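Have a look at the structure first.

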Amino acid sequence: MTVRFVTLGCKVNAEETQQLREGLLQAGFVPALPEEKADLIVVNTCSVTHLSDAKSRRSIEAAKREGGFVAALGCYVTLHEEKIEGVDLCLDSESKGEALGRILEAFSLSSPEQESQAQMHPRTRTYIKVQDGCDSYCSYCIIPYARGCARSMPEEEILRMVATRIAEGFKEVVLTGIHLSSYGKDTGSSLRELITKVSELSPERIRLGSLEQGIITEEFLETVSKVPGFCDHFHLSLQSGSEKVLKDMNRKYTPEEYEEKVHLIRRVFPDAAITTDIIVGFPTEGEKEFLESVDFVRRIGFASVHVFAYSRREGTVAAKLPDLDPQVKKKRSARLRQVVQKEQEKYLERFIGREVQVLFEDHGGLTPQYARVEVAFAPSSGTIQVRKVLRRDGLVLRA
Ligand code: SF4
């Protein structure tokens, strides 16, 4: 039996698909070749923007046309289940954990044995979902409605999963969550404690998913600075560099507070990559506020920024505000992306002439700062001497 996976959206979805993939492969499914009709197609959907909705819808339709068993999972199902017809299994975010059992049941298969597939798949990076849901209710965001309130995965389960993945040969453990910074708030623990416990299992590297600036404190940085293999890559969600827009977005910090956290990080990790997301064209963003974001990007010197044009989500507070002209959003996004690229180049140039540690995955890999490295031949050792920064799809370091 063959299976194909279509995964849209965030790293949490990627991790959930990975878990499901392993279960299904262990139960006897094999991955379908690109041109082959699959017996089972799993579409793990996303609903974070209109574009994600459209992609989710198209992926489900394409899967249906293949004629096999179609399982649609996740956020798009939660919010638009009534629009989905003709699929064999529909599981919203709340119940997608049942996917493996339900699929095996439909195919009259029994549960997979817990044997390792490590030899079959070369492995480097594994995403471990430690938290789901969010209580922040940013005014533009549908996630708290789609994924529910913030809840942490049981610590034991996380540590068991990490230990399994390390035993399977994974070298880098990425802890992810919809609102990772709130890990432990419901269980009397904290992300700091979790990182320490994960590090006791000795993965080669530990990386964190998206964080909120509030989690950055001296104690937090002191803890992670002692963790062997901790990647000095901090994805600190920003969304806007304008104090007014942040307030309208119901984000609970000012640009100055954010900047202070960046300084704190750089005092401990001078080469840290600070990356972020910025929404351009929020309804209350005028030219003045947009330029504040541009200035802020320059001031911080981000290593990378995902620039999103604001997309109205029905059911959110911001959806009641009049939308900006799409052309304005488009132009602002392009202007900001140009600035971001220059900043990224400046950030990467600091590595020229230096040795960087790389986790190789073929003819390249990633440094702890998530800088992409390209080499003609992957050396056996994990370091390369950087000679230049090259433009490919994005910017890469070249040995
Ligand atoms: S913190 Fe804000 S943007 Fe992030 S998931 Fe929660 S509500 Fe959405």
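Predicted model: local features only at pLDDT ≥ 70, side-chain atom pairs only at ≥ 80, totals over all residues.

What follows goes from the overall fold down to a handful of residues.

## Ground rules

Residues are numbered from 1 along each chain as its sequence is written, and side-chain values use heavy atoms, with hydrogens and water left out.

## The overall build

The protein has twelve helices and 19 strands. Its radius of gyration is 22 Å, close to the 21 Å from the globule rule for 399 residues, so the protein is as compact as a globular protein of that length. For the record, that radius is taken over C-alpha atoms, and the rule is 2.2 Å times the number of residues to the power 0.38. Along the principal axes, the C-alpha atoms fill a box of roughly 60 × 55 × 45 Å. Helices (H or I, at least four residues) and strands (E, at least two) are DSSP runs, numbered from the N terminus.

Of the 399 residues, 53% are buried; buried means under 20% relative accessible area, exposed over 50%, and partly exposed in between, using a 1.4 Å probe and protein chains only. Among contacts with a separation of 6 or more, 71% are between residues 24 or more positions apart, where a contact means heavy atoms within 4.5 Å.

## Surface and charge

The accessible surface comes to about 18,600 Å², and carbon and sulfur atoms own 52% of that. These areas are Shrake-Rupley values with a 1.4 Å probe; for residues, only the protein chains shown count as cover.

On the charge side, there are 55 positive and 59 negative side chains, and the centres of the two sets lie 6 Å apart. Lys and Arg count as positive, Asp and Glu as negative, while His and the chain ends are not counted. Each charge is placed at NZ of Lys, CZ of Arg, CG of Asp or CD of Glu.

## Aromatic rings

How many aromatic pairs are there? The count comes to eleven, with rings of Phe, Tyr and Trp (its six-membered ring) pairing if their centres lie within 6.5 Å; planes under 30 degrees apart are stacked, over 60 edge-to-face, and the rest tilted. Tyr258 and Phe296 make an edge-to-face pair, at 5.7 Å centre to centre and 65° between the planes. That pair links distant parts of the chain, 38 residues apart: Tyr258 sits in helix H10 (residues 255–268) and Phe296 in helix H11 (residues 287–300).

Both Tyr258 and Phe296 are buried. Ring pairs also tie Tyr253, Tyr258, Phe296 and Phe302 into a cluster.

## Two positive phi values

Most residues other than glycine have a negative phi. Asn250 has a positive one, near 60°. Asn250 is in the loop between helix H9 (243–248) and H10, and its 31% relative accessibility makes it partly exposed.

Tyr370 is another non-glycine residue with a positive phi, about 70°. Its loop runs between strand E15 (364–366) and strand E16 (372–374), and Tyr370 is partly exposed at 31% relative accessibility.

Is Arg207 buried or exposed? Arg207 is buried, with a relative accessible area of 1%, and its place is in strand E9 (residues 205–208). Beyond residues up to four places away in sequence, Arg207 touches a list of residues including Glu172, Cys231, His233 and Tyr370.

Arg392 is partly exposed at 44% relative accessibility, in the loop between strand E18 (388–391) and strand E19 (395–398). Leaving aside neighbours within four places in sequence, Arg392 contacts Glu374 and Arg398. Arg392 and Glu374 are 18 residues apart in sequence and 9.9 Å apart C-alpha to C-alpha.

Pro283 lies in the loop between strand E11 (273–280) and H11 and counts as buried at 12% relative accessibility. Outside four places in sequence, its contacts are Tyr310, Ala318, Leu321, Pro322 and Leu324.

Ser311 is in the loop between strand E12 (304–309) and helix H12 (326–349), and is buried with a relative accessible area of 18%. Not counting residues up to four places away, Ser311 touches Thr49 and His50.
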